Amino acid sequence: MRFLTLIFTAFLITATAFAAPKQQGPVVINPKSLRTMLLSRNIDIAIALNEVQQAKAQVAQARGNLLPSVNLGAVISSGPSFMLTSVSFLLPFLMPSKWMDLKESTYLLKAQGTSYYLAQLNQFASAYSVYLTVVGDMQLRGALQKQYENFKAIEEQLRLPAEVGIIRKEDYLQAQAQAQLALVQVSQVDELIKREKASVRQMLGLELNQEIVFEAVHVPSSSAESMSPQALLDKVHESSPEAAQMSALITAAQYNKWSKAFSFLSGSSLGVNRPSTGGAFSSVTQTGSVNLGFGYFPALEISNLNIEQLKLRKKELRLDQAQLIETTLGALEEAQKQYTAASQAEDNMRQVYNAELMRYQVGITDILHVLELGNSLTSAVVNKVKAETALDTLRINLHRIMISDQFAGVETCEIERRSSGGIRGKLGRIFNPDKDKVTLDQICGQ
């Protein structure tokens, strides 16, 4: 009996081990879930975070270059003993260029943190636009499917009368051709939706066996829609992360310049020597070196030119933002007009089509007029969906500029620096690096 129980247990374990993998539930996509999954699963954003970590490691390396070191000079005899002849204390923290290198690395870290924040904002804007394009195409697909079903119903109604000769066979063939063309349009939109769904899957890092369900939503309007381009530019430019990044890069370049300015001081140390006759070490002596070559002043000139170039880039950034704001607000105004007109046109064409269909059913008009008006109704529906999708996309751009709506949920990458002030604080940072430690907040992956 016990033997049979063991065999039955082994059978259950084997069956469980080879069971089919558990089917995952559908992934529901809405603006909030899209943002959450994108920020945690997107590969490009993960790469940007890795670059922040590299910049942080460079700051730690620059801080480590400030720490003193000891060089022991020794003479090894033929026996098992050796004798110290000199002791040198290398003091890199006395070199101004080392401090400038630390400052430069710190501001480069801030710029890299802002770059990570911008990567999140821009990737989310792209994913949000693709998501709303899918929603619009799904609405378009529904309208085309309904139109196909209407044409197919008309085709079926005409089939028997055409076979018995009550109506012309050409009318039946015309209705059949219109139904087939409508089916082609449905298939084309289905293909487009599949491509767009694959793009969303790639952005979110989802497996192929995970079903994706898109919720139908529309982007809310922004308070900036009623602002003038100049007022909006004045509001967003200085507070924009792009401007903050450029400021950090300019400051880092300035510290790089001062690092080159003090680079002629290439070493500083304190040392003690043992006399050749043995005995105690002699008094402490301080040594240093100066290295001033022909490339010193050109290097400073190159640094000044780099700083000037970054300042020009910051001015260019304001011009780029001005162009983006002007075109977005202008296009948004026109998109609202187009959507209003397209909505009214669709309502009118639907009423005309329904009325013409009723006339045909009572024998007042022919099938050609019905099919022609059906095509006109389809064009009106397509124009309305396109106008609505364009309006949503432009509002995404505006919310991205303002960092409002869903973009307000993308948190910044804060760089924190703890330090002590005064001379004592500086000495404390030298011999206790934790006093001057650069850390990243949890949004930056810590």
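Author: The questions and answers below concern a predicted model.

Reader: What is the overall make-up of the protein chain, and how much of the protein chain counts as buried?

Author: The protein chain has 10 helices and eight strands. Of its 446 residues, 37% count as buried. The accessible surface comes to about 25900 Å², and carbon and sulfur atoms account for 57% of that area. Among contacts with a separation of 6 or more, 78% are between residues 24 or more positions apart.

Reader: How confident is the predictor, and where is confidence lowest and highest?

Author: On a scale from 0 to 100, the pLDDT of the protein chain averages 79, and 72% of the residues score at least 70. The lowest confidence is in helix α10 (residues 422-431), with a mean of 40, and the highest is in strand β4 (residues 212-214), at 94. Over residues 10-21 the pLDDT is below 50, and this stretch has zero contacts in the model beyond near neighbours in sequence. Residues 419-434 also have a pLDDT under 50, but for this stretch the model has 20 contacts beyond four places in sequence.

Reader: Why is Gln 245 called buried?

Author: The relative accessible area of Gln 245 is 18%. Buried means under 20%, so Gln 245 is buried. Gln 245 is placed in helix α7 (residues 241-261).

Reader: What does Gln 245 touch, and what makes one of these pairs a polar contact?

Author: Leaving aside residues up to four places away in sequence, Gln 245 touches Ala 111, Thr 114, Ser 115 and Leu 118. A polar atom of the Gln 245 side chain lies 3.5 Å from the backbone oxygen of Ala 111. The limit for a polar contact is within 3.5 Å, and the value for Gln 245 and Ala 111 is 3.5 Å.

Reader: How do you know that Glu 356 and Arg 359 form a salt bridge?

Author: Their side chains meet at 3.2 Å, N to O. The criterion is a distance within 4 Å, so Arg 359 and Glu 356 qualify as a salt bridge. Both residues are in helix α8, and being three residues apart, they are separated by about one helical turn.

Reader: Are the two partners, Glu 356 and Arg 359, buried or partly exposed?

Author: Glu 356 has a relative accessibility of 12%, and the limit for buried is under 20%, so Glu 356 counts as buried. Arg 359, at 38%, is partly exposed. Glu 356 also touches Thr 365, His 369, Val 370 and Leu 373, not counting residues up to four places away in sequence.

Reader: How many salt bridges does the whole structure hold, and which residues form one within helix α4?

Author: The search of the whole structure finds 14 salt bridges. Arg 159 and Glu 156 form one of them, with the closest N and O atoms 3.5 Å apart. They both lie in helix α4, three residues apart, about one turn of the helix. Arg 159, at 35% relative accessibility, counts as partly exposed, as does Glu 156 at 40%.

Reader: Why is Arg 195 called exposed, whereas Glu 191 is partly exposed?

Author: Exposed means over 50% relative accessible area. Arg 195 has 55%, so Arg 195 is exposed. Glu 191 has 44% and is therefore partly exposed. The side chains of Glu 191 and Arg 195 meet in a salt bridge (3.3 Å, N to O). They are four residues apart in helix α5 (residues 169-204), about one helical turn.

Reader: What makes the nonpolar surface patch, and why is Val 164 called exposed?

Author: Leu 160, Val 164 and Ile 166 make a nonpolar surface patch of about 330 Å². Val 164, in helix α4 (residues 96-164), has a relative accessible area of 54%. Exposed means over 50%, so Val 164 is exposed.

Conventions. Residues numbered from 1 in each chain as written. Predicted model: local features only at pLDDT ≥ 70, side-chain atom pairs only at ≥ 80, totals over all residues. Heavy atoms only, no water. Patch = residues over 30% accessible without salt bridge, like charges linked within 9 Å, V, L, I, M, F, W, Y side chains within 5 Å. Areas by Shrake-Rupley, 256 points an atom, 1.4 Å probe, with all protein chains shown as cover. Helix = DSSP H or I, 4+ residues; strand = E, 2+ residues; numbered from the N terminus. Buried < 20%, exposed > 50% of the residue type's maximum accessible area, 1.4 Å probe, protein only. Contact = heavy atoms within 4.5 Å. Polar contact = N/O pair within 3.5 Å; in protein donor to acceptor, adjacent residues only side chain to side chain.
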